[in-house]
Number of protein chains: 2
Amino acid sequence: MKIGRFSSARAVAGLIVLLVALPLAARADEGMWTFDNFPSKAVAQKYGFEPSPAWLKHVQSSSLRIAQGCSASFVSPQGLVMTNHHCVVECVEQLSTPQQNLVQSGYIARKPEDERPCPAFELDQLTAIQDVTAAVKAATAGKTGDASNLALRAEQAKLQQSCGSSSDKSVRCDVVSLYHGGVYALYHYKRYNDVRLVFAPEYDIGQFGGDPDNFNFPRWDFDIGLLRAYENGKPVSSPDYLHWSKNGSSAGELVFVPGNPGGTRRELTVAQLEYLRDHSYPNELPELAQYRGQLEQFERRGPEQGREAHETLFFVENQYKADQGREQALLDPRFFATKVAAEKRLRAAVAAKPALQREAGTAWDDIAKLQGLRAQLGPRYNAIQGLEFLSSLFGDAQALVRAGEERTKPNAQRLPEYTDQALVNVQQQIEAPIPVYKDLETLNLEFALAQMRRDLGTDDPLVRKVLGGESPQQLAERLVSQTKLDDPAVRKALYDGGAAAIAASTDPMIRFAASLDPDFRSIRKSYEAQIDAPTRAAAERIARARFAVYGTSVDPDATFTARLSYGAVKGFTDAQGRFVQPYTTIGGLFDRSSQAPPYVLPASWIAAKAALDMATPMNLASTNDIIGGNSGSPLIDRDANVVGLIFDGNIFSLGGDFGYDPTANRAVSVDSRALLEGLGKVYHLDRIVQEIEAAR
Amino acid sequence: MKIGRFSSARAVAGLIVLLVALPLAARADEGMWTFDNFPSKAVAQKYGFEPSPAWLKHVQSSSLRIAQGCSASFVSPQGLVMTNHHCVVECVEQLSTPQQNLVQSGYIARKPEDERPCPAFELDQLTAIQDVTAAVKAATAGKTGDASNLALRAEQAKLQQSCGSSSDKSVRCDVVSLYHGGVYALYHYKRYNDVRLVFAPEYDIGQFGGDPDNFNFPRWDFDIGLLRAYENGKPVSSPDYLHWSKNGSSAGELVFVPGNPGGTRRELTVAQLEYLRDHSYPNELPELAQYRGQLEQFERRGPEQGREAHETLFFVENQYKADQGREQALLDPRFFATKVAAEKRLRAAVAAKPALQREAGTAWDDIAKLQGLRAQLGPRYNAIQGLEFLSSLFGDAQALVRAGEERTKPNAQRLPEYTDQALVNVQQQIEAPIPVYKDLETLNLEFALAQMRRDLGTDDPLVRKVLGGESPQQLAERLVSQTKLDDPAVRKALYDGGAAAIAASTDPMIRFAASLDPDFRSIRKSYEAQIDAPTRAAAERIARARFAVYGTSVDPDATFTARLSYGAVKGFTDAQGRFVQPYTTIGGLFDRSSQAPPYVLPASWIAAKAALDMATPMNLASTNDIIGGNSGSPLIDRDANVVGLIFDGNIFSLGGDFGYDPTANRAVSVDSRALLEGLGKVYHLDRIVQEIEAAR
């Protein structure tokens, strides 16, 4: 469960509007709370432990975000970082070669000098939260459409710039919209861009059970990856880190999950949920499934193609299963009725107060009216995003073209992805020595082009311009085979050369991206002005009304920023009515293994069998309210000690995007005891085990 | 637009309940009429021409059904048969070899002796319709569940047997349920099993515009295929045949379409439509898309794989686009509201008459209540059908196992696919020298197995039994590589040897199918008893109520049996509000062509350009109410002369599954003038042109 490239692009494509949570729906253990508004008293009341401000500060500072879409934590004072296997597998794949498939074999840095830089990883450590609501509201007051978007961007750029010198890349500040515009906050981060791979297990055990077991529990998975943050060529000192629990957890015990849930949509209006149910998912799921089918057969061309497409296929499978579960939740008439009823209640409460009704009474209808236009403009907007997102070579070309142009403008007038601060990531991505597989790239680009033609039609002027006289296959093969953008040095030169270098470039992918950029910008601007801006305006009115009716002690929809959830280790009743115990064991892993993928145990585990304690808890379920983006989060006890490592949710967790169901929604972790057992007895990674144990 | 294997299997999977049409919704030109209930008076009133009984008899007898899922007609007294390219392409593919790709090059039988047998084609010519309602009702009266199914089967087998000696394979009789049980009719056919290929154009022109242009108009496609029916090694004499029009059609002119529409679902209850919208399509479309993606990349392995998968991919694309259009229709709230309103009106009319209310009042609720159980039982039932349907080797193995067992039973007690009459087709299919591509077969079987595991779960007992200890890939590779069922002689020996040969066979695919057959039969029986039988019972009550309220002069939902529709040559207004003229021209075809697939003109057309009259009408749109299965139908004028060849509908025709929209739903034909121009000036098929012209 990870917010990888696919999720984030889809999330952007869906233009999710995030609203404040409904207190009426709030129930036991629900909530992805900001660190500055954690319900410590409620936790104390239910579980007899009240997290102190110091406890919260310690946990916040020990927790990390992987900017590409995961969570993590420091687990030693020497910058050792724990996260999931599926959060580091992109790096492992990038460090692999046709001769050495590290994804398959796993990677172990036996010596400190074996810790290898991940080409394009960034770790963010939250250092401060600053309320900037007043400044943002003042900047956008009275503006609509494109003017509102421009004012918001300018203010965001200004605020981001305010928190550190632009030359200090280790400072990152993001303006975060919480409660969908009810609150704006400036999140200050310490940023680490030198991140190295310490450990990844073999794929077979890191993803034991594969797609069939994904989002299921009981489960037996060793989904861990270890990284280390470096600065100036040395491991960083990380005084805030999580200690390892001596005893692990037990059933019923209070546990917390700090991390970065990627996004929830619990407070969308009913009209927006209907749009998701009746437009977004019916269109996107088959496209994702078709792409999945292509990747599956691409992998069968040979071992090298299998290696190349492996990670992409994993994320596509993951995204597909998650989205299908979400669609199912919206298609469930009983669940949908709860959303309709909640909206009706809030609207009735608003209607009962004339001042509120004047301000917010029509906001739901305003959003509902926008959905027709959204259906009209959506396919074109999604098509240009699909191209950027599916083809990394086109994405790089577009980024180079835009970075060249945007850097000629004042910071506050740029597209938000090209402010000085954001350029740190653009530049890292552009220059990273990430291998490009031209055969896979051809598949990706052709797929995106074919989708565009299918969704907009052969006779659409944009499609005619994009394809020229060629078919998607012809165009993709020509551009990918002729471009030199697979060479990081070529990309760096174009980046450094700026607009002049772009103008002078004869690279066909650069020319292709440059010729389309005015059209693509115009489509984006039009969509953002006609859909995003009025949606945001209406959603802000709803958010204010909601504060007025329900108060502010509720958690905001998730935004891939630091949150803390609480809950208990607990089983659940499955769809067949059977109670599922909260723990599995290492013995169960061996029972489930076979010689048939995805249930194959690697040789390392088979060899270690005699040494392993079969009764050791392997995976566990807890009631913590989490979602994609929380992957890699530590599971900690009341002493803030590590008792597990979040890596998934059960099948009932998928509807959690739209609402939390305490009876069935479960977070799934690797038990801390299995982690130590495996690192020590299977991988003999003694220096790391000692580093962790020393930190107990 | 064809009902090929994919459509028919899906139609079975969906267990479509066919009900009588709603007269209140009946509008101009709507209706797929049986020949014995054609609204000649209404046609006369609107168009000033009243088809006589003789006219109807002539058209009926000149029309043909291709049993695999298309329509056709005799167009000469020597058994020459006109249908679509996409209705003969399966045969063309089967006659191809790795050395000679006839799909790509086209096939022209320049001499009579070049006409090559299609391995497994059957043509059916309707000779008589006999009402058997009383007999069927008497047989099933008072029975429910499995008993009702068994009684219905037994009576059907008896009736089918009654119309000819079982040794005369040229007679075929089918019991057809019309108005969903309002009427049962016995359709008598003359059956032709020796069908030979006369002509197929190159794929590029036979499917000009490919998937992007499919279900679109304007259009430029030469989608024709010619066959000839043989008996005793000689062309049959076909005294009933359609003459060719001298002048073609003109805008506004009355035109008819005889043919075999495969199925409509206009009279499903709202609960059944909701099931399609909320369960069937959301599950099936992504699976179809994933399979499509796999085939697309399989084709890229090399030219031979491209050849092998070409036809399958075409049908999958076609099915996908059609089903997506149908889902869109159901997701359109305005369209859905018309279905809800129509049901409400009928129920109100029923409720107003106490006797009717007693008989039928609860039938809609009965069907609604069944949908929950259907959702529970559906995935398992679909999984076993998917296996049979996707893997032709498994399908053959299962057919051999079942044919062996069923033939030991009396005719009336067999599964309906194995009655003496039905065995003609089973045997033809089993013994046909159809090439089997083991690499493609492996893909198909693995896909079906993986879908089964995904839909039912790794831990499902059936999945465990099917997979044993293997993965879908391992099992598929082993079974397909080791089976000898790709050899028609092996299949024939097993068929001829019956149950004893099956019991003695060590072929792994036979053993696999035999070991699963008890489970698969039990799943099917359970579904049919718990879902089909009570659905049929409730639907029959609704049908009787409908007759009572609205009378019987309405057309029944389509059932892949002979129908006649009427309409006019007419343009329409497209989604952008532009009027689309009803004709395109050969000149337009040349304008649209490029060097990029799917818009490449074959060399034959480029060479003939100077000789062709560019103003010749190419394709045309008409208001005839048709649907998949009508592919290959002739378009005829009031003189019953051929003015075109149906091959598609426009995008608005897709909702026609659930309701006919006269303002936008259009049938699409190749113009008869373009057909002669092409056959003569492009292909120089003089002997056939002369045969057609002699028949003018």
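Arg196(A) lies over the face of Tyr230(A), 3.9 Å from the ring centre, and Arg277(A) sits in the same way over Phe336(A), at 4.6 Å from the ring centre. A charge counts as sitting over a ring when NZ of Lys or CZ of Arg is within 6 Å of the ring centre and within 35 degrees of the ring normal. Please keep in mind that this is a predicted model, in which local features need pLDDT of at least 70, side-chain atom pairs count only at pLDDT 80 or more, and totals for chains, interfaces and linings use all residues. Residues are numbered from 1 along each chain as its sequence is written, chains are lettered from A and ligands numbered from 1 in the order in which they are written, and side-chain values use heavy atoms, with hydrogens and water left out.

**How the chains relate**

- Chain A can be laid on chain B by a turn of 180° and a shift of 0.0 Å along the axis, with an RMSD of 0.0 Å; this is the relation of a two-fold axis.
- That superposition is by least squares on the C-alpha atoms of residues with pLDDT of at least 70 in both copies.
- The copies meet through the same surface, because 100% of the interface residues of chain A are also interface residues in chain B; contact here means heavy atoms within 4.5 Å.

**Aromatic rings**

- There are 42 aromatic pairs over all chains. Rings of Phe, Tyr and Trp (its six-membered ring) pair if their centres lie within 6.5 Å, and planes under 30 degrees apart count as stacked, over 60 as edge-to-face and the rest as tilted.
- One of these pairs is Tyr187(A) with Tyr189(A), which is tilted, at 6.4 Å centre to centre and 45° between the planes.
- Both Tyr187(A) and Tyr189(A) are buried (buried means under 20% relative accessible area, exposed over 50%, partly exposed in between, with a 1.4 Å probe and protein chains only).
- In chain B, Phe49(B) and Trp55(B) form an edge-to-face pair, because their ring centres are 5.8 Å apart and their planes stand at 65°.
- Phe49(B) is buried at 16% relative accessibility, and Trp55(B) is buried at 11%.
- In chain A, one aromatic cluster is made up of Phe38(A), Tyr47(A), Phe49(A), Trp55(A), Phe256(A) and Tyr566(A).

**Salt bridges**

- Side chains of opposite charge can pair when their charged atoms come close. A salt bridge is a side-chain nitrogen of Lys or Arg within 4 Å of a carboxyl oxygen of Asp or Glu, and the whole structure holds 110 of them over all chains.
- Arg65(A) and Asp174(A) form a salt bridge at 3.3 Å, N to O. Arg65(A) lies in strand S1 (residues 63-66) and Asp174(A) in strand S7 (residues 171-178) of chain A, so the pair ties together parts that are 109 residues apart in sequence.
- Helices (H or I, at least four residues) and strands (E, at least two) are DSSP runs, numbered from the N terminus.
- Arg65(A) is buried, with a relative accessible area of 5%, and Asp174(A) is buried at 13%.
- In chain B, Asp174(B) and Arg65(B) also form a salt bridge, with their closest N and O atoms 3.3 Å apart, and both residues are buried.
- Asp365(B) pairs with Arg347(B), the closest N and O atoms being 3.3 Å apart.
- Asp365(B) is partly exposed at 34% relative accessibility, as is Arg347(B) at 26%.
- Salt bridges that share partners join Arg65(A), Glu122(A), Asp124(A), Arg172(A), Asp174(A) and Arg191(A) into one network.
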